[in-house]
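Please look over the sequence and the structure before reading on.

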Amino acid sequence: MGDIAGRVTFGRFTVLADERQLLVDGQPSKLGARAFDVLLALVERRDRVVTKDELLDRAWPGLVVEENNLQVQISTLRKTLGPQVIATVPGYGYRFTGPLDDAPALAAAPPQGQRVLVAVLPFENATGDPAIDYLSDGISESLINRLSSIDGLRVISRTSAFAFKGKQMQPLEIGRTLGVDALVVGNFGQRGPRLAISAELVSIGDATQLWGDKYSRPADDLLQVEGEIASTIAKALSRRLSGEDKGKLTRTATADPEAYRLYLKGRSFLVGNRQEMDKSVDYFQQAVARAPDYAMAHAGLAEAYTLQAYLRAVERTEALGKARAAVGRALELDPDLAEAHTALGLVRFYFEWDWAGAEAEFRRALELNPGSQAVHEEYGNFLGAMGRLDEGLARSREAARLDPLSVGPVHNMAIIALVRGDYEGAAAGFRQAIDIDPNWTWGYIKLARSLALLKNCEEALAQAEIAERRIAGGAAPLSWSWLGVTYAACGDTARARQKLDQLHALEAKQYVDPVTFADIHCALGEVDEALRWFEKAFADRTPNMVYAAILPGFSPALAGNPRFDAIVERMGIPPPGR
């Protein structure tokens, strides 16, 4: 949409573009010039998400300003217009979501060649039996994975889409909140041996149904139905599908429907605590036992074993061996399986320290599935760890666009700000992550450290107290370490040493990553002792050492230290730019 002329009205508000005035109930408001520029840009581009860079260029043309200036103007607009009129797409930008009077609607389907942003909401389980939620959820997840493999389509990730599960919101409201062009909704039922599935595709711009259908099939046909729905949706969005695209959409990963159900069960437990991870492994093992040629199940098993290896140092060697075997089998069965390349990239990154090999796997995964939020996020994390901060930021921004309600990409961008010494930006990022998920304890821990580096110790210690309450009673060595750094940076050496004592007490019972000790000693100014622990972490090849090249951004005492630089060099991490 182009620049607006004349007036545009929404509810109690009227934007007078030529007069550069906002009327509230017909009376002029005291909205400032910058805020008006931002509002005008959002209203003009109401058919899409407007990036932060676009808004900064509009309100501060030719000037270099901090992003928090934009946040101030957005806050002013929300106080004036109400919080629901402007939606945040974390890490990417903002979208105007107010209903404009007599506003032209979006086209039903974006033109060919334009990338379309789609969300697949969790299918409603119409059976009333929560024990089979994994099947209705699995349909949605399968559609997300299939559609994201098509070039020209961008699909909101599972995390953001499933955040609306069970919420009493209209689909159009959800679509506008996510900033998408179209939304897939549906429900799943079962009558004896037959499945009853309905699905529809809705244009968010004009609230029209682009497509809808119902399916009554034998339960064993679930995979085929998913492929049919995905193909029809892609066509409804005016995608010209190549033969390769059609193959991606309709491919059935296994002919065994029970193996597929076990795979879905495995994925449902993949993100969780150690006990849930064990259940995930068990279900994936059952799936591959039933269908030994099921590549996706082998890839899922590899991912679960990799997470086990990261979480459990004592069993790391065994779990890592199993992860390598599972990912090798997955690639042997399907060399073009993006999930398998991602899993192999994680193994090479965290455990083999094969930086070139890890990057090759992440890049190959993106070639195979360019719309995968998970790959963008993991690749962005890798690039950040390598010190390639601009590249890492770009990948993380794309991940945030595909997953606007996930803390992962926002966290990665905040870490990059921390590494660059932009502690204000880092603190803003961690606050944003907490806004997305107030239950994410790491948000409070990392916000506290950022504030401590800003010498805002009163608030830093307040955030640390929130974190302490949330982790009380559990063994959380990495959390203790970050909190110890916050206490040391704020001059509370007694509490910092208390965290060291907790780590030593835990070390008497189990393996504790040496990096956790090193970090606190750095903050206490005990650099030689810290380097002794870093040497041990290097010898143990702990996964947290993959961030060694950017650690001086977190721990300024390490900057320019020749002994620490030698450790990084021995790890073979290439300097940025090579």
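The side chains of T441 and R470 make a polar contact at 3.0 Å; such a contact is a pair of N or O atoms within 3.5 Å, and within protein one must be able to donate a hydrogen and the other to accept it, while residues adjacent in sequence count only if both atoms are side-chain atoms. The model is predicted, with local features needing pLDDT of at least 70 and side-chain atom pairs counting only at pLDDT 80 or more, whereas totals for chains, interfaces and linings use all residues. Residues are numbered from 1 along each chain as its sequence is written, and side-chain values use heavy atoms, with hydrogens and water left out.

**T441**
- T441 lies in helix α19, residues 441-453 (helices are DSSP runs of H or I with at least four residues, strands are runs of E with at least two, and both are numbered from the N terminus).
- T441 is buried, with a relative accessible area of 19%, because buried means under 20%, exposed over 50% and partly exposed in between, using a 1.4 Å probe and protein chains only.
- Leaving out residues up to four places away in sequence, T441 touches A467, R470 and I471 (contact means heavy atoms within 4.5 Å).

**L31**
- The loop between β4 (27-28) and α1 (33-44) holds L31.
- L31 is buried, at 18% relative accessible area.
- Not counting residues up to four places away in sequence, the contacts of L31 are L22, F36, L39, T76, L77 and T80.
- A distance of 24 Å separates the C-alpha atoms of L31 and T177, which are 146 residues apart along the chain.

**Nonpolar cores**
- The largest nonpolar core has 147 residues, a core being a set of buried Ala, Val, Leu, Ile, Met, Phe, Trp, Tyr and Cys residues joined through side-chain atoms within 4.5 Å.
- Helix α11 (residues 295-311) gives the most to this core, with nine residues.
- Residues with the most contacts inside the core are I197, I229, F349, W355, F382, F534 and M545.
- F382 touches F349, W355, A358, E359 and F362, not counting residues up to four places away in sequence.
- A second, separate core has 28 residues, including V8, V43, L56 and F96.

**Cavity**
- The largest cavity is lined by L135, F188, Q190, L195, A219, L222 and R261 (on a 1 Å grid over the protein atoms alone, a cavity is a set of points where a 1.4 Å probe fits but cannot get out, and lining residues have an atom within 4 Å of a point).

Conventions:
1 Å grid on protein atoms, 1.4 Å probe; cavity = no way out; pocket = protein on both sides within 12 Å on 5 of 7 lines; lining within 4 Å.
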